[in-house]
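Colleague: I would be grateful for a close look at one part of this model, the disulfide and the helices around it. Please set out what the coordinates show there.

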Amino acid sequence: MKEKDDQRSLHHHHHPRFHNRLLHLIKKLLTNPTAYFILLLLFYALGYISTASSCTQPPPPPPQSHVSSSRPSVIQSTNLPPTLLDNFRVTTDCADSIPPQLVRPTILDKIFNGSSPYTNFPPPHVSQLLRRSRIKGWGSYGAVFKHLINKVKPRVIIEVGTFLGASALHMSNLTRQLGLDTQILCIDDFRGWPGFRDKLNDIQMINGNVLLYYQFMQNVIYHDATELVLPVPFSSGSALMKLCEWGVAGDLIEIDAGHDFNSAWADINRAWRILRPGGVIFGHDYFTAADNRGVRRAVNLFAKINGLQIHTDGQHWVIYSSVNQ
């Protein structure tokens with residue numbers, strides 16, 4: 001018993017002394033700038049390591065290699081918990097779809113005051129600045145166009161991102177070969193992008209206004225497609241919103257406008273709302289040098305949110321609205 005009391009006494013005797021020494025050491029560190037700085041860095045490093053280890057996510061899957069085969073393939077998409085994705089869903093309802101034969105007169109009435117934009121074209125002030133035909137596109141003649149047009153037999157095709165009309169005119173030829181009565185709507189502001197004339201400097205400009213729209217129309221006239229192809233010369237966001245309000249729906253919708261994530265994501269979601277039941281939405285640049293940073297990431301997220309499968313055909317992604325297709 002006496003030994004225990006001695007140990008307890010010894011503990012109480014040394015405990016204040018230890019605290020005094022610790023306080024003296026801390027004061028010495030705080031008054032020494034170099035020691036203080038080292039101590040601060042130590043605490044910062046420990047905190048950074050702790051935070052990083054708790055927030056680290058698994059690495060993304062490796063980028064897929066370029067697919068050049070003309071045979072379509074399927075990419076499975078795993079559904080995520082709905083509660084995590086509700087804020088991404090687009091739930092706006094569109095007007096009831098109008099019959100396909102009313103699409104052309106509706107566009108002419110709503111956008112062109114009831115008359116064809118090709119009437120009395122070209123205006124005199126641009127007639128000498130246009131080439132008889134100037135076609136330029138990227139991936140505009142891929143096998144996917146023939147595959148989907150043969151499969152869907154579309155009455156209405158909506159193209160988001162047209163540029164000079166290469167893919168639209170290619171699709172118009174394919175529908176004519178099949179004897180289809182198809183209307184193709186081309187959504188584009190026809191402004192291009194900053195710097196595009198560095199590569200296409202033969203597209204003329206008047207007072208800063210590049211003549212993409214006029215050259216597109218000239219291309220349509222040259223290829224005798226004025227009854228099949230109509231421009232919708234506005235930004236994709238405003239145009240798709242109005243088509244939704246007017247009840248204009250597409251059997252086949254191509255997305256090939258902005259290639260960054262935000263643009264592709266917005267276009268896909270807005271276009272999906274005006275896709276007819278049984279229709280198909282597809283787009284270019286699923287396999288590009290940018291890989292998962294733009295179009296592909298937007299397509300993958302859209303498919304996950306909606307529980308859809310992504311099919312690929314060359315460089316194009318394809319999503320069917322019906323699981324049976």
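**The disulfide and its surrounding helices**

Cys94 and Cys244 are joined by a disulfide, with an S to S distance of 2.0 Å; the term denotes a pair of cysteine sulfur atoms within 2.5 Å. By this rule the count is 1 disulfide. The link between Cys94 and Cys244 is left-handed, with -105° about the S-S bond. Helices (H or I, at least four residues) and strands (E, at least two) are DSSP runs, numbered from the N terminus.

This is a predicted model, in which local features need pLDDT of at least 70 and side-chain atom pairs count only at pLDDT 80 or more, while totals for chains, interfaces and linings use all residues. Residues are numbered from 1 along each chain as its sequence is written, and side-chain values use heavy atoms, with hydrogens and water left out.

Cys94 is partly exposed, at a relative accessible area of 24%, whereas Cys244 counts as buried, at 5%. Buried means under 20% relative accessible area, exposed over 50%, and partly exposed in between (1.4 Å probe, protein chains only).

Besides Cys244, the buried residues of H8 include Ser236, Gly237, Ala239, Leu240 and Leu243. The buried residues of H8 pack against helix H4 (103-112), E2, strand E3 (183-187), strand E6 (229-232) and H9, where contact means heavy atoms within 4.5 Å. Just after H8, Gly247 adopts a positive phi of about 80°.

H9 (residues 261-273) is the next helix to consider. Its 13 residues should span 18 Å at 1.5 Å a residue, and the end C-alpha atoms are 19 Å apart, which agrees; the expected span is 1.5 Å times one less than the number of residues. Among the buried residues of H9 are Phe261, Trp265 and Ile268. The partners against which the buried residues of H9 pack include helix H8 (236-246), strand E7 (250-255) and helix H10 (295-306).

As to confidence, pLDDT is the predictor's confidence in each residue, from 0 to 100. The chain has a mean pLDDT of 81, and 68% of its residues reach 70 or more.
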